[in-house]
Amino acid sequence: MKEEILYTAWKNLNRNTKSTGFDSLTVQQVEASGIDKFIRSVKKELGNGQYTADEVKRIEVPKRNGETRQLGILTLKDRLVQGAVKLVLEPIFEADFENCSYGYRAYRSAKLASLEVYKWLEAGSRHYLKGDIEDCFDSIPHEKLMKVLKTRIEDKLILSLVQDWLKKGSQASGSGKNSGKGLLQGGIISPLLVNFYLDQFDNHWAEIGLKNVEGESIEHLVRFADDFVVLSKEWINPDRVEAVMAELGLKLNKEKTYVGNAANGFEFVGFYFEEIEEENGAGSIIRVMPTEGSIEKVVESIESIGSNGDVYNINSIESQGKHVVSDKNKVQALDDVIKNIYDVVNPWVSYYRHTDYAAGLERIEQCFNEKIKECI
């Protein structure tokens, strides 16, 4: 492994994370003791074959639906080496990836994925299959992943590193048992490997006869990581999609998989798509809007501002009678509230600027005004 790649990987490390692996080592500690020394020691381990992945620390992270997901925390050394290998593999994989894939890729985003969906809906592909892969990260089979990886990568060091990370990432802490499947959620290289494995799904979709006699595609796939939608002018058979998934050792999440028509509306990557009839009866149009969940999330964030007893609520401070609050303090407190609100609202507006977001913004403005009233 070239030293330049390790240095670049070091610069890409997240310096703000407070979580540490089992080594308890932080970026700041290495910076204090000497970055060059640390990188040279890692390079030496890689060069003489002494490097092995450390055990993974696992934590439970709460989800919005009340459930939890398990997140793996790597040691700093493993984060560095995974980042370096990602730098090596990413341009190789990117050269082969299909245009229908938008998740975990440079210069691609959920916003661009929404525009791709809108394009095909406007072109008349109004039937949809909205799909989700069940426990995608935890279900990727190691043997099949390594088999397809070897078709693109010949470097024995990289292959052995990936194999080592797969084993350590799939076993529960201290158990030593390898399940033979799953990619570590929290691993730096995991999203890239997910895209690499699911690229077979993207390729397969164009190769299993989903074209008309002129060779033109009649069904269009748009995928964002393990979330995808297929659009067509005709009804889509979910059994065919399940069959493709089965070949990859994966399953559709049937609770999150829907088949329908755009007139019924559907959500994808934080956007809501719906076909509506024009008022003049001239036809129909496709509307793209923020989802109800995204609007509620902003409203909840605004409502929670100042709820921890900060100096945002001027009336509550004055009622304490402990000290006199000056007009200057009142203005400062109000300014803080407004700033915090805009810190929440501005990214939302920027994200949904290309959609019909007026109704959602009106609800957010109402919440904004109510919060300001509480503080004056």
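**Close-up views of a predicted model**

**View 1. V269 sits in a loop.** V269 lies in the loop between β7 and β8 (271-277). The model shown here, and in every view below, is predicted. V269 is not a glycine, yet its phi is positive, at about 45°. Is V269 buried or exposed? Its relative accessibility is 14%, and buried means under 20%, so V269 counts as buried.

**View 2. Y104 also has a positive phi.** Look for Y104 in the loop between α4 (76-94) and α5 (110-122). Its phi is near 60°, a positive value in a residue other than glycine. Y104 counts as partly exposed because its relative accessibility is 41%, which lies between the cut-offs of 20% and 50%.

View 3. β4 covers residues 219-224, and β5 covers residues 227-232. The two strands pair in the antiparallel sense, over six bridges. F224 stands opposite D227 in β5. Two residues lie between the strands. One turn residue, A225, has a positive phi of about 60°. How much of β4 is covered? Mostly: five of its six residues are buried.

**View 4. Helix α7 has a buried side.** This helix spans residues 142-149. Its buried residues are H142, L145, M146, V148 and L149. Seen down the axis of α7, they fall within an arc of 165°, so they line one face of the helix. What does the face turned away from the buried side carry? There you find the exposed residues E143 and K147.

**View 5. The largest nonpolar core has 57 residues.** Within it, W10, W165, F201 and F228 touch the most other members. Helix α9 (residues 190-207) gives the largest share of this core, eight residues. A second, separate core has 35 residues, including Y102, L121, F273 and Y352.

**View 6. W165 and its contacts.** Leave aside the neighbours of W165 within four places in sequence. W165 is then in contact with Y51, A53, D78, V81, Q82, V85 and I189.

**View 7. The largest pocket has a volume of about 1,700 Å³.** It is lined by 45 residues. Which of them are closest to its centre? They are K63, R69, D132, D226 and K256. Several elements each supply at least two lining residues, among them β1 (57-62), β3 (127-132), α8 (156-170) and α11 (292-304). Strand β2 gives the most to the lining, with five residues.

Conventions
Residues are numbered from 1 along each chain as its sequence is written. This is a predicted model: local features need pLDDT of at least 70, side-chain atom pairs count only at pLDDT 80 or more; totals for chains, interfaces and linings use all residues. Side-chain values use heavy atoms; hydrogens and water are left out. Buried means under 20% relative accessible area, exposed over 50%, partly exposed in between (1.4 Å probe, protein chains only). Helices (H or I, at least four residues) and strands (E, at least two) are DSSP runs, numbered from the N terminus. The arc is that of the directions from the helix axis to the C-beta atoms. Two strands pair if DSSP finds at least two bridges between them. A nonpolar core is a set of buried Ala, Val, Leu, Ile, Met, Phe, Trp, Tyr and Cys residues joined through side-chain atoms within 4.5 Å. Contact means heavy atoms within 4.5 Å. On a 1 Å grid over the protein atoms alone, a cavity is a set of points where a 1.4 Å probe fits but cannot get out, and a pocket is an open set with protein on both sides within 12 Å along at least five of seven lines; lining residues have an atom within 4 Å of a point. Grid points are joined across faces, edges and corners, and a volume is the space filled by probe spheres set on the points.
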